[in-house]
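Follow the charged side chains through this model. Which of them pair, and what do the pairs link?

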Amino acid sequence: ATVERIGRVVTTSVVVASPPDAPLVFKHQAKEEDYALRSDWVAGLKLPVVAHDGANGTVGAHVGSKFFDGLIKAGRVVDREVEAAAERLGNMNV
C-alpha cells in the first residue's frame, strides 16, 4: 500500500502568528463525503489488511491514522505533483 497526497493547504491571506496556546482547527470532512467524490475508493475498503495491532480485517474496518503514519514513515508516499515536476525537469535535460 502507498499513500497519495490528494490536496494542499494554501492560505489566501497573510499568516498571523498566534499565541502558543491558541489552537489551529481544521474541519474534518466525513469519509463518506470523500467516497461520494471518489467512488473508486469504495472497492478498496473491502481489501484485506493487517491493522497496526495485528488484527486481520478489511481496509474499511481497520485503516486509520496509525496505518497511514506507518506508510508515511516507511516512505511509501505517492506525490503526483513532485513526480510531474521531476518529469518536466528530466525533459528539459534531454
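R38 and D40 form a salt bridge through their side chains, with 3.1 Å from N to O. R38 is partly exposed, since its relative accessibility of 36% falls between the limits of under 20% for buried and over 50% for exposed. The model is a predicted one. Across the whole structure, a search finds five salt bridges. Side chains of opposite charge can pair when their charged atoms come close.

Another pair is R5 with E81. Their side chains meet in a salt bridge at 3.5 Å, N to O. R5 sits in the loop between β1 (3–4) and α1 (31–37), while E81 belongs to helix α4 (residues 80–92), so this contact ties together parts that lie 76 residues apart in sequence. How accessible are the two partners R5 and E81? R5 has 28% relative accessibility and counts as partly exposed. E81 is also partly exposed, at 43%.

Helix α4 also holds a pair within itself. R80 and E83 both lie in this helix, three residues apart, or about one turn. Their side chains form a salt bridge of 3.5 Å, N to O. R80 has 47% relative accessibility, so R80 counts as partly exposed. E83, at 41%, is likewise partly exposed.

Start at R38 and D40. Move to R5 and its link to helix α4 through E81.

Methods. Residues are numbered from 1 along each chain as its sequence is written. This is a predicted model: local features need pLDDT of at least 70, side-chain atom pairs count only at pLDDT 80 or more; totals for chains, interfaces and linings use all residues. Side-chain values use heavy atoms; hydrogens and water are left out. A salt bridge is a side-chain nitrogen of Lys or Arg within 4 Å of a carboxyl oxygen of Asp or Glu. Helices (H or I, at least four residues) and strands (E, at least two) are DSSP runs, numbered from the N terminus. Buried means under 20% relative accessible area, exposed over 50%, partly exposed in between (1.4 Å probe, protein chains only).
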